[in-house]
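Subject: Structure handover

Hello,

Here is the structure I said I would pass on. My notes follow below it.

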Amino acid sequence: MSAPLLEVENLEVEYPGKGFRAKPFRALKGVSLDILPGETVGLVGESGSGKTTLGRAVLGLAPVTGGSIRYAGREIGQLHRRERRELSSEIQVVFQDPYSSLNPALTIEQILIEPLTVRGVSTAAAKQRVATLLEQVGLPVDARSRLPREFSGGQRQRVAIARALALDPKLIVCDEPVSALDLSTQARVLDLFIEIQERTGVAYLFISHDLAVVRHVSHRVAVMYRGEIVESGDGDQVTARPEHPYTQKLFMAAPVPDPDQQEERRVARRRLMAIAAEG
Ligand SMILES: Nc1ncnc2c1ncn2[C@@H]1O[C@H](COP(=O)(O)OP(=O)(O)OP(=O)(O)O)[C@@H](O)[C@H]1O
């Protein structure tokens with residue numbers, strides 16, 4: 001079987017102590033998780049359980065003190081500068097808050113062009129790419145000349161998704177990407193994530209405290225509790241037989257998802273595993 005896109009093994013993250021919390025704080029305690037190409041792994045858990053820390057570690061932004069993170073078979077911590085640069089194109093991020101994650105002084109075009117020109121794409125080619133990106137995320141092409149404040153929360157999140165897609169990433173860390181949106185907008189943006197994945201084959205590490213959201217988009221679900229993954233597997237399997245008391249509590253409180261949708265994601269996951277097995 002070919003290697004997963006991302007392999008996290010026994011990962012430890014420790015934040016240095018400061019202020020009242022003078023002792024170092026172990027935010028991740030031996031976390032292991034892998035993601036296949038084109039797969040969505042949902043990461044769910046209560047506030048403070050370490051979800052964002054894991055996402056940040058994958059992006060190279062957390063103080064890793066042990067374990068390993070391999071991307072396409074290579075240890076992230078051991079990459080040379082040029083390889084790191086390439087990696088920063090392949091792993092992108094969409095944050096929770098579309099209000100603060102977009103520079104209010106830049107037009108949508110400037111926001112989308114920036115990651116491209118920084119990597120040497122000509123301005124003319126980058127402008128062309130902007131039109132494609134806007135279309136991919138369901139925004140009109142004339143959005144390019146407008147400022148973020150002229151858009152709703154859902155539309156801004158579409159801009160943030162377009163920015164993440166600009167460099168054709170293989171993996172996007174989505175950190176609570178719909179929790180700042182109202183319910184109907186959430187559903188449309190979640191469907192956009194799924195549609196983009198079907199079109200581009202991008203994989204997602206999809207972080208949310210909301211189990212219904214995670215189950216809607218994920219092929220597999222991992223449950224975090226106090227810095228550890230306490231359960232993981234097919235969303236339905238984990239739901240049917242939750243073993244950890246925290247998971248039982250979490251699932252009892254969550255709404256039941258659409259069974260057809262769950263079946264679709266299960267079939268898609270089996271397809272991904274078959275492709276990975278063929279190598
Ligand atoms: N920079 C930091 N310095 C010290 N402690 C931190 C830092 N960032 C996070 N923590 C602590 O690490 C733990 C995990 O935080 P993290 O943000 O990863 O959790 P989370 O599950 O994403 O929570 P939320 O859903 O509220 O964002 C928390 O106890 C948090 O206080």
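Which residues are around the ligand? They are Tyr15, Phe25, Ala27, Gly45, Ser47, Gly48, Ser49, Gly50, Lys51, Thr52, Thr53 and His209. A residue is near a molecule here if its C-beta atom, placed from the backbone, lies within 6 Å of it.

Before the rest, two points on how to read this. The model is predicted, so local features need pLDDT of at least 70 and side-chain atom pairs count only at pLDDT 80 or more, while totals for chains, interfaces and linings use all residues. Residues are numbered from 1 along each chain as its sequence is written.

Ligand shell. By class, the shell has three nonpolar, eight polar and one charged residues. Nonpolar means Ala, Val, Leu, Ile, Met, Phe, Trp, Tyr, Cys and Pro; charged means Asp, Glu, Lys and Arg; the others, Gly among them, are polar. Strand 2 (25-35) and helix 1 (51-58) each supply at least two residues of the shell, and helix 1 gives the most, with three. Helices (H or I, at least four residues) and strands (E, at least two) are DSSP runs, numbered from the N terminus.

Overall. The protein has 10 helices and 10 strands. Of its 279 residues, 38% are buried, that is, 20 or more other C-beta atoms lie within 10 Å of the residue's own, with C-beta atoms placed from the backbone. Among contacts (C-beta atoms, placed from the backbone, within 7 Å) between residues at least 6 apart in sequence, 69% join residues at least 24 apart.

Strand 9. Five of the six residues in strand 9 (220-225) are buried. Strand 9 pairs with strand 3 (40-45) in the parallel sense over five bridges, and with strand 10 (228-234) in the antiparallel sense over six bridges. Pairing requires that DSSP finds at least two bridges between the strands. Valine 221 of strand 9 is the bridge partner of glycine 42, and the bridge partner of valine 221 in strand 10 is glycine 233. Strands 9 and 10 form a hairpin with two residues between them, and arginine 226 in the turn has a positive phi of about 45°.

Helix 3. In helix 3 (108-118), the buried residues are Ile108, Ile111, Leu112, Ile113 and Leu116. An α-helix has 3.6 residues a turn, so residues three or four places apart point the same way. The buried residues of helix 3 pack against helix 4 (123-136) and helix 5 (153-165). After helix 3 comes glycine 120, with a positive phi near 90°.

Regards

Terms used
Buried ≥ 20, exposed ≤ 12 C-beta atoms within 10 Å, placed from the backbone. Contact = placed C-beta atoms within 7 Å.
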